[in-house]
Each structure stands twice: as structure tokens, then as C-alpha cells.
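Have a look at the picture first, and then we'll go through a few spots together.

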Amino acid sequence: MELIFVDDGSKDRTLDIVKEFAENDERVKYISFSRNFGKEAAIYAGLKASKGDLVCMMDADLQDPPSLLPEMCRIIKDEGYDSVATRRSTRKGEPKLRSFFARKFYKIMNKASDTEMISGARDYRLMTRQFVNAVLDLSERNRFTKGMFGWVGFKTKWIDYENAERVAGKTKWSFKKLFSYAVDGIVAFSTLPLKFLLRFGIAISVLGVLAIITSIVLVIVGVQVPGWIWATEIIGTLIGMESAFLGIYGVYMEKIYIEEKNRPIYIEKDSNIKG
């Protein structure tokens, strides 16, 4: 057995404490990043460094109950599942507004993507080596692990548990970061924004044409239509369509740009893992 701690550029004594553990127990391994690269990079680094036949991901704040591990191992061993994943049965202790947007996000993703997204899903998961290797084979830089777990397939059993309070510290996931994470997920596993733009563009075009036809009819029946209305109808329609198209096109181009640069997902500063 091995315990791998990934220090995602923390500024407290996290790494020092983990090193103390490692000095007293050779099973304790650690990887420390040169800066904060984000949760997805930390997950990738931990999975990549793991060597066991079974691999478990768990947050260090103990919101994921370790007491579930024996049952998770039993399910894989006796019931033939490739992974055992967890989801919160309640969002107790979480701000209502955040819970609302989280539920909406999963609804949108399940309608927009062929990959199933489970509402309330946690990163706490036990996986076989085959499952882990399949996830690692997805080498993109813009990683959205929740989507990747669903995309690779395999048999997964879900376990529900009640949300627990953090043992210490405060979450670094602000609403802005969560929103950005949600956008990454939508862009990575759905072309819905592009389809929406196509429909939006068609709708705006139809409205613009109807407005122009209305103005023409008014002129025919003798109503004088000021020139600025004509200009507003035509220019407004074209600018609105162009702005919408360029905006969403830019989001996808940004992701392609990042992938093409082929930068490492993370940079390791310190580790006691050989090789």
C-alpha cells in the first residue's frame, strides 16, 4: 500500500507535515508543485504516480469519509465493478445559491453531452488499474476529470453519503472558480454552445428580416420610417450575431491554443517518488 499526497503549491506547512509523515513511514509519498496548478493537475499527478492494482482518490479535508473504503473495496472484489464512486445525498452546509447552480450545471451537461454526469458526484473514488490507465490515456491539458470518468466507460457503482464539514481550513473554490470550472466542463464535453449559437444566429436573422419587412410594409401603407430605424435594424442584427459567434468561437479557440502549446500539466518541485 502507498499513500500519495499531492501538494498543489500550498503556502502553509502542508508539505513539511507530509515530509514528517514520510520520514516515519515509507508508504507515504509526496509530490509538491512549483505553484498552484489546480485540482485537475493534482488529480492527474496522483493517478500518474500511483502503482497499485486499486487506486483511491480522496480530498485531504476529510469531507470524504475514509470509513467507506472497506465497502468500496468489497464491491470491486466481490461484485465485479471497475470503480466505486461517491455522491452526496444532501448538500447540507453548502450555500443555497451555490447548490442551485450546481444542480443546474449537471442538468445542462446531461442534456448537452453524451457523457453522463452524476449530480452531487465527488472526486472520492476507488478504481481498478485498468480504469486509471484509461483515464491517464486522455492526455489533454484542459482536463475535466468528472467528465473523463464517465467518458472512459467501465462498470461504476455509486454510493451515497451525507455531506460533512471540513475538518480544518476554508475552501478555495470561489464562485468565480466554480463558474470557470463549469465552463471548462461544458467546452470539453459538449458542442452545445456552438449549436446554441447557430440557433441564436438564425433566430436573430429571422427577427431582423421580420423587422425590415415590417418597415417596408409601413412604408407601403404610407407610414414614414426614419432612416435611423433602418440602420438600427440592419446594423444591430449583424453586430449581435457577429459578437455572439466570435465570443463562443473564441472560447473553443482558446482551448485549442492551450492544447497546441503542449505545456506540461504541472511542474514538480519536490517529491520522494523515484522515477
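## A first look around

Let's begin with Y161, which counts as buried at 7% relative accessibility. You'll find Y161 in strand 6. The C-alpha atoms of Y161 and L68 are separated by 9.2 Å, although the two residues are 93 apart along the chain. Keep in mind that this is a predicted model.

Now zoom out. The chain has 9 helices and 7 strands, and 37% of its 275 residues count as buried. If you take the contacts between residues at least 6 apart in sequence, 78% of them join residues at least 24 apart.

Another pairing across the sequence involves M58, in the loop between strand 3 and helix 3. M58 is partly exposed, with a relative accessible area of 32%. Leaving out residues up to four places away in sequence, M58 touches D64, P66, L69 and Y124.

Here are the two pairs side by side:

| Pair | Separation along the chain | C-alpha distance |
|---|---|---|
| Y161 and L68 | 93 residues | 9.2 Å |

Which residues of helix 1 are buried? In helix 1, residues 14-24, they are L15, V18 and A22. These residues sit on the same side of helix 1 because they cover an arc of only 65° around the axis. An α-helix has 3.6 residues a turn, so residues three or four places apart point the same way. The cover over the buried residues of helix 1 includes strand 1 (3-7), strand 2 (28-33) and strand 7 (268-271). Turned away from that buried side is a face of helix 1 with the exposed residues E23 and N24.

Helix 3, residues 69-79, has its own set of buried residues: M72, I75 and I76. They cover an arc of only 90° around the axis, so they are on the same side of helix 3. What do the buried residues of helix 3 pack against? They pack against strand 3 (54-57), strand 4 (83-88), strand 5 (121-128) and strand 6. On the face of helix 3 turned away from its buried side you'll see the exposed residues P70, K77 and D78. Just after helix 3 comes G80, with a positive phi of about 75°.

That brings us to another backbone angle. Most residues other than glycine have a negative phi. F154 is not a glycine, yet its phi is positive, at about 70°. F154 belongs to the loop between helix 6 (145-151) and strand 6 (156-161), and it is partly exposed, with a relative accessible area of 34%.

Last stop: a pair of helices. The axes of helix 2 (residues 39-49) and helix 5 (residues 129-136) come within 10 Å and cross at roughly 130°. That angle makes helix 2 oblique to helix 5, and the crossing is left-handed. Where they meet, helix 2 brings Y44, L47 and K48, while helix 5 brings R129, V132, V135 and L136. Sorted by class, this contact of helix 2 with helix 5 has 5 nonpolar residues, 2 charged ones and no polar ones.

Methods
Residues numbered from 1 in each chain as written. Predicted model: local features only at pLDDT ≥ 70, side-chain atom pairs only at ≥ 80, totals over all residues. Heavy atoms only, no water. Axes fitted to C-alpha atoms, helices over the stretch in contact; angles between N-to-C directions. Helix = DSSP H or I, 4+ residues; strand = E, 2+ residues; numbered from the N terminus. Parallel < 35°, antiparallel > 145°, perpendicular 65-115°, else oblique. Left-handed = near helix turned anticlockwise from the far one by under 90°. Contact = heavy atoms within 4.5 Å. Nonpolar A, V, L, I, M, F, W, Y, C, P; charged D, E, K, R; others polar. Buried < 20%, exposed > 50% of the residue type's maximum accessible area, 1.4 Å probe, protein only. Arc of directions from axis to C-beta.
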